Structure formats: structure tokens, C-alpha cells
Amino acid sequence: MYSYSGKCLVVDLTTQSTRLEELSESLLSSYLGGVGLGTRLLLEKCPPGAGPLSPDNPLVFASSGLAGTMVPTASKHAVVTKSPLTGLVGDSLSSSHWSLALKRAGYDAMVITGMAPSWVYLFIDDDIVHSRKAEHLLGKGSSQTEEAIRRDAGDNRVRVASIGPGGERLVRYACISNDSSRQAGRTGTGAVMGSKRLKAIAIRGTRPISVWDLDGLQKVCSDLYARSQTSSTEKYRILGTPGNVLVLNRLSALPTRNFQQASFEGAEGISGEHLAECYLAKVTACATCPIACEHLYRVQEGPYAGLEMMLDYESLFALGPLCGISSVPAVLKAAELCDFYGIDTISTGGCIAWAMECFEKGLLTANDTQGLDLSFGNPDALVTMVERIGKREGVGDLLAEGTMRASAQLKGGSEHWAIHSKGLELPGYDPRSMKTQALGFAVGLRGGCHNRSPSYEVDMSPGVDRLKAEPGRGLLNKEKEDFAAVLDSLIICKFMRRCFDDFFAEASRLYTLATGIKMGPAGLKQVGERVNNLKKAFNIREGWTQADDWLPPRMFKDPIPSGEATGAVLSEGELRMMIDAYYKARGWTASGLIPLSKLKELGMDDVVELMKGQRNGAQVHPLRG
Amino acid sequence: MERKYIHCEVDKCTGCRICEFVCSAAKEGRFHQELSRIRVAHPTPAVVVSIACRFCENAPCIAACPKDALTMSGENNTLQLDKARCTGCGWCIEACDFGAITVDRSTKSVVMCDLCPSLPQPRCVETCPKKALSLSTSEAVAQRARDRAAAKSTES
Amino acid sequence: MECTVELFGTLRQLMKTSEVKLKLPPGASLKDLVAALVEREAGLLEGVVDPKTLALSVPYRLYQEGRGFVDDLGRKVERGDRFVLMSVAVGG
């Protein structure tokens with residue numbers, strides 16, 4: 001095999017032992033790597049009904065056939081596990097040097113099971129795995145943990161993925177950070193790592209990577225590099241994703257004050273344009289990325305003078321307009337704290353915004369918030385609340401559970417404005433004024449997500465009425481999801497997608513040039529459908545029901561009050577209609593289950609066997625049982 | 001002939017390390033960043049630049065080599081290694097202020113940039129997506145700096 | 001007749017404003033509108049507008065207030081129409 005090693009490292013923290021498992025070419029060519037391979041390993045190694053924070057829940061890291069080569073943006077890895085936030089599949093992507101180290105240490109995947117008897121960090125030195133005491137690292141943020149480990153190793157080839165204090169305290173949306181500024185952000189993979197008493201995974205990977213056709217690969221990649229410097233990526237390179245703020249604001253799709261509004265009067269002050277003009281210090285890139293979308297901002301004056309922080313749109317929206325905050329330094333500070341504690345910025349912002357609305361409505365009072373004025377727009381409240389969540393202190397302990405559990409606990413009608421789908425807080429696209437994305441959020445396999453179900457693209461296409469719901473959106477959402485799943489398994493960054501003229505033809509060729517494995521455009525396209533059905537199969541086994549494919553009451557009861565999409569709202573009938581059309585487009589039953597014939601069509605006979613681990617036919621809802 | 005070397009424009013470098021991939025591929029036939037003759041240094045988030053051998057006028061590595069295995073010669077006036085003499089002791093690496101020399105365990109000697117003599121232009125210069133790399137003389141680098149300083153002095 | 005085009009992102013730097021008011025002849029189409037923008041700022045021809053067809057290059061889109069995203073260059077412009085020229089939101 002070229003590029004792939006065909007090896008999966010399995011680490012059992014309970015017994016402090018490791019072993020290697022073979023990954024066949026057939027498995028690798030069916031699931032490629034990343035989210036696909038990771039989910040396949042999860043389905044196999046996670047006992048049905050396992051508690052997400054129990055030692056049984058495996059934490060899977062998956063590399064790819066392209067990582068370690070010059071393929072642009074291919075230095076990525078996926079983290080896949082059973083999510084403590086949703087109880088369903090939790091998959092998250094990260095990138096850069098740690099991703100390279102994993103591949104170059106000689107592993108296509110790594111599975112961590114069990115729980116260490118005391119806090120440890122792993123040091124994987126190519127083929128030798130050490131387990132080291134980690135007590136001295138507890139309480140450190142991810143960056144500090146990384147610095148400490150690299151300093152002890154005395155070798156900057158050592159790369160570190162770690163959790164912060166938030167992961168140590170099992171904040172349900174804790175993330176796993178690497179290379180100081182990258183995160184596997186969503187669905188709480190960091191909490192799973194924390195539940196295993198695993199503080200960090202350090203890797204020194206020094207093996208060279210050989211490809212099947214080096215000359216061929218170089219030619220194709222050089223051309224892709226050139227294409228990555230054109231208008232197809234301009235937004236990422238110049239303003240970065242923060243350029244979304246004013247665009248979505250103009251369209252009434254910028255969720256503001258916990259989705260009470262869809263445009264923000266303070267938008268110009270926290271826009272990408274303003275950030276680029278007044279705060280931009282440097283633009284950097286992940287390893288092997290020719291685009292370079294990492295915008296590092298620097299605060300020059302005020303209480304946070306000297307702060308340097310990277311920011312992307314989702315973090316900006318969640319800590320900014322969603323909480324009514326119009327101060328750039330406060331948003332940067334809050335983001336820095338999210339990185340320190342190692343918690344997902346989107347879920348953190350979503351939880352704080354929920355709490356701000358509870359405070360506004362008197363459900364939470366100054367008594368509950370230890371005297372903090374938790375009003376929308378209060379920058380001190382924002383910054384303080386991030387810390388309290390990271391420490392699980394005071395009302396932060398409630399918020400650390402996520403809006404779904406927090407509102408179930410607080411009650412008082414707060415479920416109405418707990419803005420999540422399946423427990424995953426919604427990202428920065430208002431579903432009332434982007435109805436294809438609304439469908440995407442509702443049926444999303446890891447919960448409310450714009451990344452796995454990138455259907456805002458449909459809503460922003462000419463000829464599509466984003467304020468209207470139509471059955472045709474079902475198929476369009478499926479196609480967007482399948483395309484995303486291919487990118488997430490190859491793994492190639494979504495920001496490259498517009499650089500391809502004929503994606504499946506070009507990408508399948510890239511795959512073959514790197515790995516030597518025959519792959520045609522149709523075969524590659526089918527991987528996407530296979531991976532999404534795989535994720536669905538896992539969800540069904542773990543207790544998904546149709547009621548989970550839905551959106552919060554606000555989306556049906558509270559129309560957008562102002563702006564370009566004034567009056568926009570979803571009706572239950574509309575969403576039902578689109579969901580039904582989506583199930584149909586997927587070839588699923590009317591209740592969203594997968595017929596055996598569909599699994600067989602996708603060559604997933606082995607998955608059928610793995611589904612049989614279900615507990616006696618009874619579907620215990622993971623969020624209630 | 002004026003000394004030319006690979007110069008990296010600090011303001012343009014993003015730390016992508018694509019130079020390391022293509023150099024190692026050109027020299028080793030596979031992707032092996034540690035054997036790239038050009039290496040990226042990224043000590044803090046905002047500071048990143050790539051460095052290759054600068055073919056110093058008064059090279060400390062040449063002075064340091066106990067076996068006199070290093071010379072500045074060849075048609076491009078680059079650092080040349082007499083492999084037969086080299087023991088892989090690494091004294092040249094300790095003498096070098098730039099970390100531009102690397103031990104190659106497979107040949108039991110050392111490697112450094114040779115400006116890709118068999119190619120029309122150095123691979124890294126050709127491939128850098130941000131055009132941060134160029135084959136420059138020190139004079140050209142100084143000229144660019146003077147021009148920038150002059151332009152800045154007329155900004156109000 | 002007059003119509004307005006709002007600008008976002010790097011277009012603001014390029015055209016040195018966040019809003020452009022254009023005077024177009026009656027019966028003008030979107031193609032005429034784009035041509036008028038290009039006449040104001042030739043830099044648009046580099047990456048934003050295709051020089052031959054005047055179609056917008058990916059990922060630039062024209063949004064018409066009250067209507068939605070439009071790409072039919074033959075569509076007629078009415079007096080007082082308001083447009084937004086933007087680079088489409090992606091990822092992040």
C-alpha cells in the first residue's frame with residue numbers, strides 16, 4: 001500500500017497496553033479515512049448503549065490516504081466518538097501538524113479505549129507508545145500543556161493534542177485542541193478524553209510517506225495550488241470567514257440575541273471588514289495549505305491590550321451577535337478563554353445566549369448568577385461566563401451541560417429558546433430565513449450543523465427562494481451532505497472545494513495517485529452516501545428517533561422581527577414536508593430508518609451485522625435513559 | 001559571481017511548509033520533511049519564515065569541519081560536500097547559525113540546499129503558493145528593503 | 001433612472017465606498033448595471049466580473065432587495081431597485 005500504512009493503533013488505558021490492528025485495503029477504499037473510517041471503527045468498537053463518558057466509549061482518531069503528502073489541505077484528522085452532548089455520533093475535524101504526526105508515526109487510525117487509573121498523557125514515538133504521568137499538567141490550557149510537553153521532549157517535531165480544564169471537568173462540549181490554535185471543536189470529544197483521564201496525546205512521527213505516482217501527484221497538486229490563489233478562495237484569504245458577518249446580517253440570517261433577531265445593529269463594529277482594518281496582525285496556514293485562512297488578530301489598547309487571537313466566523317457570531325456583543329476585544333478575549341478551557345465556541349456562545357435570555361425573562365436572577373449582570377450585550381458577563389463554564393462554577397455548571405439539558409433542568413419555558421438540534425447548539429445561519437439550511441439543521445447526523453449539512457449554499461443560490469420550503473430541498477440537502485462526507489473522509493478542506501472544476505473526477509484521480517488504489521468518480525461519490533448511512537446506522541442503534549429530527553419552538557413561533565426577511569418563520573408543516581422529502585431522497589423509510597436493501601446497495605453488509613448488537617429491539621432514547 | 005540563496009519574504013510566509021514537502025520529494029523521492037533542505041521556523045503564532053543554506057561568505061561550517069569535507073564551489077557557488085570525507089559528526093550543524101544543515105542517517109552524512117542545479121528553478125521557489133520564496137542575492141534583498149523604506153517615508 | 005448597489009468585503013476597498021448609486025437608462029438590464037459598475041472601477045474585471053460576458057465570477061453574487069439572488073443578466077432593472085454585490089458566505 002502507498003501512503004496508507006494499513007495499521008490502526010489500539011490503546012487500552014485501563015490495562016495500559018497497546019496493540020496493532022490491520023486495516024484492509026477494502027475497508028480503506030470503502031471509507032477512505034477521516035470521518036468515514038472513524039465512524040466505521042466507532043460502530044465496531046463501541047458497545048451498543050455505551051455511556052459516552054464511560055470507559056467503554058472508544059475515542060477514535062482517523063487519518064487519511066492523502067495526509068502526509070503534498071495534496072493541498074490534506075493535513076487533517078477526524079475525531080469520532082459517541083457524543084456526551086447528543087448521545088449520537090460525535091465527529092469533529094482538526095488539522096495541521098498533529099494530523100501529520102499521526103500519519104507519519106505510521107497509523108491510519110488510533111482507537112483509545114478504557115480509562116487510565118490516574119491522569120496520563122500518551123507519548124507516541126513512531127512505533128513506541130509511552131504512558132506518562134500527567135498530574136503536573138492538570139489545570140493547564142491546551143497551549144500551555146503543549147508547550148510543557150514539547151519543552152520536556154526538547155524536540156519541536158513532537159506535536160500535541162490536548163484537553164483544557166473544561167475537558168478535565170467534562171464540560172459536555174469540551175474540545176480537543178492541537179498545535180495551539182486548531183480544534184476538533186464540536187460534539188464534546190474533549191469530554192470523552194477527559195472521562196478517560198487522558199490529558200494529552202503527544203506524537204513524534206518521523207516516517208517518510210511514499211506515494212504511488214509522485215510525478216503525477218506533483219503535477220496535479222501544483223495546478224491546484226495555482227487555482228487556490230484565485231477568486232475561488234478569495235474570501236478565506238483576505239477577510240477570512242469573518243467576512244460572513246455583514247453578508248448574513250444584510251440577508252437577515254445573522255442570529256442575534258439567541259435568535260431573537262436575525263440582524264444586529266452592532267454588525268459593522270464586529271465585521272470581518274473592521275477586523276481586517278483595525279486588528280489583523282498576520283495570516284498563517286495549516287500545514288500543506290496553500291490558501292492560508294488563519295487570521296491572527298491583535299488588540300492594541302484597552303484592558304485586553306496585547307491579546308493575540310485567531311477568529312473564524314462561527315466563533316465570532318456565537319460570542320458576538322448571538323450574545324448581543326459588539327466589542328471586538330471582548331469577543332477575542334472570550335474566544336481566547338474558550339481555547340484555554342478547551343470548549344467549543346459555538347456551543348459556549350449558544351449556552352451563554354440561552355442564559356442571557358433566561359436572565360432577561362427573570363428565570364435566572366442575580367442570585368443565580370452570583371451577582372453577575374447577565375444581560376445581552378454585557379461584555380464583562382460574556383467573558384466571566386466563559387470562565388465559569390470552563391470551571392463548572394456557579395451557574396456555569398448548569399451551562400456546561402448544554403442548552404438541551406440545562407433547559408430541561410431549569411424548565412420555566414426555557415426549552416422554547418434552547419436553540420439546538422439533537423443537543424448540538426445551532427451555528428450562525430438563521431434557519432427561518434434559510435429554509436434549506438433549516439432542513440439541514442433538523443436532520444443533521446451529528447446534530448444542528450452547517451458543516452456536515454452545508455445547505456446554506458442552496459439558500460444562497462440564484463433561482464432558489466430561501467424563504468420558501470419545497471420538497472426539492474430534500475434531495476439538495478442530501479447531495480450537500482454526501483459531498484461534505486466525501487471531503488471529510490478524503491480528507492480535503494471544504495475551503496478547497498471551489499478550486500476543482502470536476503470534483504469527483506479530479507479528487508478520485510488524486511486519491512489513486514497518492515494511494516495506488518483504483519477509484520473512479522462514481523465510486524468516490526458513493527463513499528459520501530455510504531458514510532452518511534453509516535453515521536445514521538450508528539445513530540439508530542444508539543436510540544435515535546424521529547422526534548430528534550426537529551428544530552426548537554422559536555423557529556416556528558417567533559418570526560424574524562426586522563430586516564430583509566421580516567416575518568420569516570418556519571411552519572411545522574413545512575419542515576415536516578422537507579424532512580419527508582429528504583428521507584425519500586435518501587431511500588430511507590417514512591420514519592427515517594434505513595432499509596436493509598439500501599445498506600446492501602452501498603456494500604455495507606458488514607454493518608448489518610454490527611447493527612445486530614441492538615438491545616433486544618427496544619430503543620432506549622440515549623438522552624432519556 | 002554574486003552569491004545567491006533562497007530568500008523567504010517574512011511578510012508573505014504563512015508557514016504552510018509546502019516548500020518542505022516539495023524539496024524532500026525532489027531530493028528523496030518521497031515526502032520527508034526532516035530531509036527537506038529548506039525548513040520552516042515557526043517559534044510563535046505570528047512569527048514564521050523558512051530558512052535554507054545561505055552559502056555564507058565566511059562559512060562557519062567550512063571552518064568547523066574537522067575533515068575539511070565542505071567547500072564553497074561549483075558553478076553556482078554553493079556549499080559542496082565531499083561525502084567520502086564526511087563522518088556525519090554534525091560539527092557543521094553546531095557551527096551553523098541558521099540550522100540549515102541536516103544529518104541524513106541513510107547516507108551517514110549531511111545535506112543542505114544546492115539550489116536544484118538540474119532544474120530550471122529551485123523547486124521551492126517554483127511551488128511556494130504565496131510567492132514568498134525567491135532566488136536572491138543579498139544586494140537584491142537590500143535593494144528591496146531600501147525601496148520599501150523609501151516608500152514608507154513618503155506616507156503621510 | 002437611479003438604483004443602488006451595496007458593497008461588502010474587499011469590494012469596499014476596491015471601489016472605496018460601501019454603496020454606489022448608479023444612473024441607468026430606462027429599460028436597462030442587469031448586464032447594463034454590471035457594465036456601469038465596471039466603468040466606475042475597472043479593477044472589477046480582475047476576478048469579480050468576467051470581461052467577456054459580464055457575468056459574475058464565482059463566488060460573487062448579486063442579491064436584489066426584496067427578491068433574492070439573481071443571475072439572469074437580461075433581467076430588467078427598475079427605478080429605485082437596491083442590490084447587494086457580495087462574496088457568498090462560505091463555511092467558517
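In chain A, strand β1 (residues 7-12) and strand β6 (residues 109-113) pair in the parallel sense over five bridges. Strands here are DSSP runs of E with at least two residues, helices are runs of H or I with at least four, and both are numbered from the N terminus; two strands pair if DSSP finds at least two bridges between them. This is a predicted model, in which local features need pLDDT of at least 70 and side-chain atom pairs count only at pLDDT 80 or more, while totals for chains, interfaces and linings use all residues. Residues are numbered from 1 along each chain as its sequence is written, and chains are lettered from A and ligands numbered from 1 in the order in which they are written.

**Sheet of chain A**
- Six strands of chain A form an open, mixed sheet in the order β2-β1-β6-β3-β4-β5.
- Its edge strands, each pairing on one side only, are β2 (17-22) and β5 (89-95) of chain A.
- On average, neighbouring strands of this sheet are turned by 20 degrees against each other, direction ignored.
- Helix α3 (residues 97-104) of chain A lies across β3 (59-62), β4 (76-82), β5 and β6 of chain A, at about 85 degrees to β4(A). Axes are lines fitted to C-alpha atoms, for helices over the stretch in contact, and angles run from 0 to 180 degrees between N-to-C directions.

**Chain B: fold and domains**
- Chain B has five helices and eight strands, in the sequence pattern β-α-β-β-α-β-β-α-β-β-α-β-α.
- Of its 156 residues, 37% count as buried, meaning that 20 or more other C-beta atoms, placed from the backbone, lie within 10 Å of the residue's own.
- Chain B is divided into domain 1 (1-52 + 114-156) and domain 2 (55-112), with bounds from an automatic or database domain assignment.
- The C-alpha centres of the two domains of chain B lie 20 Å apart.
- Twelve residues of domain 1 of chain B are in contact with twelve residues of domain 2 of chain B; contact means C-beta atoms, placed from the backbone, within 7 Å.

**Chain C against chain A**
- 22 residues of chain C are in contact with 28 residues of chain A.
- On the chain C side, α1 (10-15), β4 (68-70) and β5 (82-87) are the elements that give two or more residues.

Conventions:
Buried ≥ 20, exposed ≤ 12 C-beta atoms within 10 Å, placed from the backbone. Contact = placed C-beta atoms within 7 Å.
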